[in-house]
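Hi there,

Here is the structure I promised to pass on to you. Have a look first, and my notes follow below.

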Amino acid sequence: MTTKTIVITGASDGIGAGAARQLTDIGHNVVVVGRSPEKTQEVATDLGVPFHVADFAHLDQVRTLAQELLDAYPRIDVLANNAGGTFTQKFTEDHHDLTMQVNHLAPFLLTTLVMDRLIESNASVIQTSSIAHRAWGNIDVDDLSNKRKWSAQKSYGDAKLANVLFTKELDRRYRDQGLSAVSFHPGAIATNFASEGSGPFRFAYHSLFSKLFEGVDAGASRLTWLADGEPGVTWERGGYYAKNAPGKLHDRADDPELASALWDRSEQLLAPA
Ligand SMILES: NC(=O)c1ccc[n+]([C@@H]2O[C@H](COP(=O)([O-])OP(=O)(O)OC[C@H]3O[C@@H](n4cnc5c(N)ncnc54)[C@H](OP(=O)(O)O)[C@@H]3O)[C@@H](O)[C@H]2O)c1
């Protein structure tokens, strides 16, 4: 087995923490990234791996994180953009919907800031998306933060559709330079998901209803399968997976014009003032 350096965001809890454990157990060099310093350090200490802390609600912290990763790791074989969730309506100090920022804009920024290192490493970039991209996503690139009409479902669906479109556009722009990109739905997994959200998501994940969901190890195993796998052999570049098989996509997920427009708009929104 080739030992990979695998950076996982959202690794202080849930699916990310589970995958960090599974990938460490099979011999990879995992780097844990989290928001809470205490929780992140606890996971990292337990696994004996390095860690970094950044709150994606503050884009300055994402920029600092990118520099820390560039300084610390001469190779990054896998970047797993897994941090995310659904949050109550809130605009960040960067003027974006918090759900869109944490799930899409921050990982877009992180990925583009470390892009040269990813290309040098022939890396894979993995997005933890969701089946919610198909149920509720309907992106308007001119109103990514849903300032006109916000709902928790639309905001989260749009952010997770953005993960799929970002993956497709990464593949289109960087495949020839050796980069591989993939997105996936981890399953309905009983985690801390939606603990800072409201409405149906919060109810589903923080009530007896969550007993119907799969356990963390099952969700984590789908991220582990992609991170440990060989792009182009285990999984198709640019693809979207659910339960380790090609998943059903939103009607607009394969629209190259939309993916390209989302990329350009994201760059524009993230450009330093
Ligand atoms: N659970 C499901 O059924 C399900 C289904 C589809 C997709 N997903 C996706 O799977 C991914 C992992 O979620 P999970 O279910 O494992 O939930 P989780 O247990 O709540 O874990 C979420 C992770 O993201 C981190 N995070 C949250 N807000 C952040 C911020 N502002 N900045 C940086 N990191 C932040 C959390 O940090 P803290 O420890 O500080 O909270 C935690 O490490 C998410 O992208 C989620 O959308 C989950």
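Let's start with strand β1 (residues 5–8): Thr5 and Val7 point one way from it, Ile6 and Ile8 point the other way, and all are buried. Buried here means under 20% relative accessible area, exposed means over 50%, and partly exposed is in between (1.4 Å probe, protein chains only). Strands are DSSP runs of E with at least two residues, helices are runs of H or I with at least four residues, and both are numbered from the N terminus.

Before going on, two notes on the source. This is a predicted model, where local features need pLDDT of at least 70 and side-chain atom pairs count only at pLDDT 80 or more, while totals for chains, interfaces and linings use all residues. Residues are numbered from 1 along each chain as its sequence is written, and side-chain values use heavy atoms, with hydrogens and water left out.

Back to the sheet. β1 pairs with strand β2 (residues 29–34) in the parallel sense over 4 bridges; two strands pair if DSSP finds at least two bridges between them. Ile6 has Val30 as its bridge partner in β2. The whole open sheet has 8 strands in the order β3-β2-β1-β4-β5-β6-β7-β8, with mixed pairing. Its edge strands, β3 (51–53) and β8 (245–246), each pair on one side only.

Next, take a look at helix α4 (residues 98–113), which is where Thr111 lies. Is Thr111 buried or exposed? It counts as buried, because its relative accessibility is 0%. Leaving out residues up to four places away in sequence, Thr111 touches Leu79, Asn81, Leu118, Val125, Phe166 and Leu170 (contact means heavy atoms within 4.5 Å).

Val114 and Leu79 are 35 residues apart in sequence, and their C-alpha atoms are 9.6 Å apart in space.

For a contrast, find Phe203 in helix α8 (residues 199–205). Phe203 counts as exposed because its relative accessible area is 56%.
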